[in-house]
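Please keep the sequence and the structure in view while reading.

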Amino acid sequence: MEVSPETSATSTPGRARRADMKIGIIGAGNIGGNLTRRLTALGHDVSVANSRGPHTLKELADETGATPVRAEEAARGAEIAVVTVPLKAVPDLPSVLFDEAADGLAVIDTGNYYPQRDGRIAGIEDEGLTESRWTARQIGHPVVKAFNGTYAQDLLDRHRPAGDPERMALPVAGDDEAAKRKVPDLIEELGFDTVDAGGIDDSWRQQPGTPVYGLRGGVDAVTRALAEASPERPEEFRG
């Protein structure tokens with residue numbers, strides 16, 4: 001969920017952190033930019049790309065130490081790649097996006113379908129695909145849905161150590177069990193708990209308009225919100 005970002009961040013690991021990883025971020029908007037800030041602060045090797053080219057990312061690179069690259073280079077050698085672009089831009093991503101990624105690459109999809117921005121997407125509207133299932137088909141790689149209902153500013157301001165009563169939980173959905181272990185580990189390191197929201201075909205439970213979308217709650221609250229979700233897409237999120 002995108003809001004205007006600030007430019008400072010501190011790191012509060014959720015638990016003992018794993019070795020530094022190579023992480024590629026495709027999209028440098030509010031979520032992508034703030035993930036770049038947090039992940040570099042945690043010591044990870046981050047490459048970041050946008051649609052306008054590396055020269056437009058100099059300020060973010062100077063601030064964080066991330067490496068600005070072209071989109072087709074962002075996932076080179078990466079263990080985790082984050083796709084955080086508008087859904088209407090997903091079909092235009094390079095076909096070679098993940099060709100040089102590390103074995104066992106986990107791809108995080110942060111996207112949301114907003115028809116007023118993205119136009120009408122038939123696969124979602126007519127076929128009933130979840131937003132992340134549609135994205136996975138476009139990019140030709142399984143995805144884990146995460147961060148899509150998270151306020152960008154919360155990535156900077158609301159991370160907490162494990163056990164803190166104010167620690168937020170984020171829903172995570174995906175079909176690849178190995179990826180679903182890797183992504184929650186990263187989220188824990190960022191300072192948030194996670195709740196398993198099921199497979200990608202269950203990820204409608206965390207799409208826009210559902211009770212968990214934008215929820216700043218802990219594990220119990222997020223678990224309840226996922227259970228209360230309706231599969232019917234709200235009118236304001238239909239094209």
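## Terms and model

Helices (H or I, at least four residues) and strands (E, at least two) are DSSP runs, numbered from the N terminus. The structure described here is a predicted model.

## The cavity

When the whole structure is searched, 1 cavity of 30 Å³ or more is found, and the largest cavity holds about 90 Å³ of space. Its lining is made up of 14 residues, of which Gly 149, Thr 150, Leu 170, Pro 171 and Val 212 are the closest to its centre.

Strand 7, which spans residues 169-174, gives the most to this lining, with 3 residues.

## Asn 34

Asn 34 has its place in helix 1, which covers residues 30-41, and because its relative accessible area is 0%, under the 20% limit, Asn 34 counts as buried. The side chain of Asn 34 makes a polar contact of 2.8 Å with the side chain of Arg 37. Although Asn 34 and Gln 153 are 119 residues apart along the chain, their C-alpha atoms are separated by 7.5 Å.

## Thr 210

Thr 210 is found in the loop between strand 8 (193-196) and helix 8 (219-228), and it too is buried, with a relative accessible area of 11%. The side chain of Thr 210 reaches the backbone oxygen of Arg 205 at 3.2 Å, while a polar atom of that side chain lies 2.7 Å from the backbone oxygen of Gln 207. Leaving aside neighbours within four places in sequence, Thr 210 is in contact with Trp 204, Arg 205 and Ala 229.

How values were computed. Residues are numbered from 1 along each chain as its sequence is written. This is a predicted model: local features need pLDDT of at least 70, side-chain atom pairs count only at pLDDT 80 or more; totals for chains, interfaces and linings use all residues. Side-chain values use heavy atoms; hydrogens and water are left out. Buried means under 20% relative accessible area, exposed over 50%, partly exposed in between (1.4 Å probe, protein chains only). A polar contact is a pair of N or O atoms within 3.5 Å; within protein, one must be able to donate a hydrogen and the other to accept it, and residues adjacent in sequence count only if both atoms are side-chain atoms. On a 1 Å grid over the protein atoms alone, a cavity is a set of points where a 1.4 Å probe fits but cannot get out, and a pocket is an open set with protein on both sides within 12 Å along at least five of seven lines; lining residues have an atom within 4 Å of a point. Grid points are joined across faces, edges and corners, and a volume is the space filled by probe spheres set on the points. Contact means heavy atoms within 4.5 Å.
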